[in-house]
Amino acid sequence: MDNYEQLIAGFERIGTLIRKLLWENSFNVGLNPIQLQILFFCKQQNKRKVYPTKLSEFFGVSLPSLSDSLNSLIKKGLIKKTKDKSVKRISYISLTRKGQKLLKELSNWDAPLKNVLNKIDNEEIKNSYHFLLTFLRELLDIGMMQHLRMCFTCQYLSINQNGEPEYFCNFLESTLKKEQLRIDCPDHLRKE
Ligand code: SF4
C-alpha cells in the first residue's frame, strides 16, 4: 500500500465515530466527554490512587485545564478528593458510589462498535491490532504520542527475540500473546 491517505481517512472516520458515541453518552447523563473519560480512567485504575498529575499526563492537558472538569465531577458527587496520608499536601481522586453506579449504567457505550467487531474474522482483528500496536509505538518513538501505558513502554515487559518475539509480563507473571499486549494498562510502569 503506498497511498496512506485512505488509511488515514479511515482512522479519522473511526475517531469521529468514537467521539460521537462519547458525546452522546456523556450528554445523556449531563457530562461532557472529558468528564466521562475521567470517570472511565478512575474505574480502570481499580483501587490505585489517581492523582490529578496522572490524569493530566494521560489526557495530555495541563492541570488548570483539568481542574474545571474535576471540580464539576466533585460537585455532581461522582468523584471525591482524599488527602494522601503519606504526603499531606497531595490529594487523590476516586469514584464515589454514585460515580460507580453511573459507570455501570454507561458500560455499554461502545457496544455498537463491539457488535460490528464481532462480525469480523478474528485473525483479521488480531493482525489489525498488532499493526495498531506497531503504529502507536512508532508514534511514541518520534514523540507524536505521549504517556501511552502500553506494554512496549513498560518496565515489566520482557521480550525473547529468538525468531518470532515472545512476550512475558513480569507483573502478571504470565506470557502474553501478541494480541494480549496492552495499549492502556493500569499496571503499566514506565521505562526510565
Ligand atoms: S504491566 Fe501491563 S503494560 Fe506492563 S507488561 Fe504487563 S500487561 Fe503490559
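What is the mean pLDDT of the protein, and what share of its residues reach 70 or more? I noted a mean of 91, with 100% of the residues at 70 or more; pLDDT is the predictor's confidence in each residue, from 0 to 100.

**Entry 1: ground rules.** I recorded that residues are numbered from 1 along each chain as its sequence is written. This is a predicted model, in which local features need pLDDT of at least 70 and side-chain atom pairs count only at pLDDT 80 or more, while totals for chains, interfaces and linings use all residues.

**Entry 2: overall layout.** I found seven helices and five strands in the protein. Both are DSSP runs numbered from the N terminus (helices: H or I, at least four residues; strands: E, at least two). Along the sequence I read the pattern α-α-α-α-β-β-α-α-α-β-β-β. The C-alpha atoms fill a box of roughly 50 × 40 × 30 Å along the principal axes. Confidence is lowest in helix α3 (residues 52–59), with a mean of 85, and highest in helix α6 (residues 111–117), at 97.

**Entry 3: domains.** I looked up the domain assignment, which gives domain 1 (5–112) and domain 2 (124–180); such bounds come from an automatic or database domain assignment. The centres of the two domains, taken over C-alpha atoms, are 24 Å apart.

**Entry 4: α1 and α2.** I examined helix α1 (residues 5–28) and helix α2 (residues 33–44), whose axes come within 8 Å and cross at roughly 90°. Axes are lines fitted to C-alpha atoms, for helices over the stretch in contact, and angles run from 0 to 180 degrees between N-to-C directions. The two helices are therefore roughly perpendicular (angles under 35 degrees count as roughly parallel, over 145 as roughly antiparallel, 65 to 115 as roughly perpendicular and the rest as oblique). On α1 the contact uses Arg19, Leu22, Trp23, Asn25 and Ser26, and on α2 Pro33, Gln35 and Leu36; contact requires C-beta atoms, placed from the backbone, within 7 Å. I listed four nonpolar, three polar and one charged residues here. Ala, Val, Leu, Ile, Met, Phe, Trp, Tyr, Cys and Pro count as nonpolar, Asp, Glu, Lys and Arg as charged, and the others, Gly among them, as polar.

**Entry 5: helix α4.** I saw that α2 packs with helix α4 (residues 63–75) at about 70°, with the axes 10 Å apart, which makes α2 roughly perpendicular to α4. Ile34, Gln35 and Ile38 of α2 meet Ser69, Ser72 and Leu73 of α4. The axes of α3 and α4 come within 10 Å and cross at roughly 110°. Pro52, Thr53, Leu55, Ser56 and Phe59 of α3 meet Leu63, Leu66 and Leu70 of α4, a contact of six nonpolar, two polar and no charged residues.

**Entry 6: the ligand.** Which residues surround the ligand? I listed Cys151, Cys154, Tyr156, Leu157, Cys169, Phe171, Leu172, Arg182, Cys185, Asp187 and His188, a residue being near a molecule if its C-beta atom, placed from the backbone, lies within 6 Å of it. This shell comprises eight nonpolar, one polar and two charged residues.

Note on methods: Two residues are in contact if their C-beta atoms, placed from the backbone, lie within 7 Å.
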